[in-house]
Amino acid sequence: MAGPTLRVLEGLDAVARAAAQWVHDRAWAAVNARGRFTLALSGGNTPRALYRRMADGPRLPWDRTVFCFGDERNVPPDSSESNARMAKEALTGQPFVNQSSVYRIKGELPADEAAADYEQTLHTLCPGANGFPGFDLILLGLGPDGHTASLFPHSPALVERKRWVTSNWVEKFRTHRITLTFPVLNAGTEVLFMVAGEDKAWALKEVLKGHAPVSEIPARGVVPTSEKVTFLVDRAAAAGLGQST
Ligand code: 6PG
């Protein structure tokens, strides 16, 4: 198993620029090869700079792109915590906003219902070849505790092997999240992690150099069958890796 590719870049802006190029190249390659590009967007703060660059940068095949989400908070779409809102605002001005090919997770529903609803949507959108949907590109972030999407340490969703989408109780936030499961993340054609900031240094070292179980560092459970995983990280996040670019 080759293991993930790591690129250490100057700062968040350089990470966002490299990620925007990545999305651009993969989008056109998929559209030229198959007529459409299926993209799972990540939440949190780090991807905001990427989405802005996608909006302002070289033209993407917006009308041939299917936008989905890797996870969502259990909140309405107008909430400041909503990943759908974050993406919509960052991509403002682009046809993304009013296109019908944006499939958000309905965080306003009870978490189990939102998960079942989104799984149904994904079954319609990307009927998986080997039982799980094959996104062309899955964007992921990394939490300071080693979580990714909404797969948190010691949380119930870590052991889900059948469902595509599940609700997940996150004890430390005393709330549910709705998240894609490991089988879906690992059925993706390619996974791109964006990681920035010194608060991620410990977790990044654990993911790339550690041996902890997935129950403790969930991002270590992202091992796609395609073996195509890349970490675009900034120097601060890479501080624990003992590497310079
Ligand atoms: C979310 C994300 C989550 C995120 C990490 C990193 O909904 O919060 O999907 O997995 O990627 O928590 O978050 P930041 O980018 O905000 O540091």
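## Around the ligand

The ligand is surrounded by 14 residues, each with a heavy atom within 4 Å of it; Thr 46, Arg 73, His 147, Ala 149 and Lys 200 are the closest. By class, this shell holds two nonpolar, eight polar and four charged residues (Ala, Val, Leu, Ile, Met, Phe, Trp, Tyr, Cys and Pro count as nonpolar, Asp, Glu, Lys and Arg as charged, and the others, Gly among them, as polar).

The model is predicted, with local features needing pLDDT of at least 70 and side-chain atom pairs pLDDT 80 or more, while totals for chains, interfaces and linings use all residues. Numbering runs from 1 along each chain as its sequence is written, and side-chain values use heavy atoms, leaving out hydrogens and water.

## Oxygen partners and cover

Which side chains have an N or O atom 2.7 Å or 2.6 Å from a ligand oxygen? His 147 is the one at 2.7 Å, and Lys 200 the one at 2.6 Å. A polar side-chain atom of Arg 177 lies 3.5 Å from a ligand oxygen. On its own the ligand has 410 Å² of accessible area, and the protein covers 88% of that (Shrake-Rupley method, 1.4 Å probe).

## A cavity elsewhere

Helix H1 (12-34) and strand S3 (65-69) each give at least two residues to the lining of the largest cavity (helices, H or I, have at least four residues and strands, E, at least two, as DSSP runs). The lining has eight nonpolar residues, one polar and no charged.

Notes:
Polar contact = N/O pair within 3.5 Å; in protein donor to acceptor, adjacent residues only side chain to side chain.
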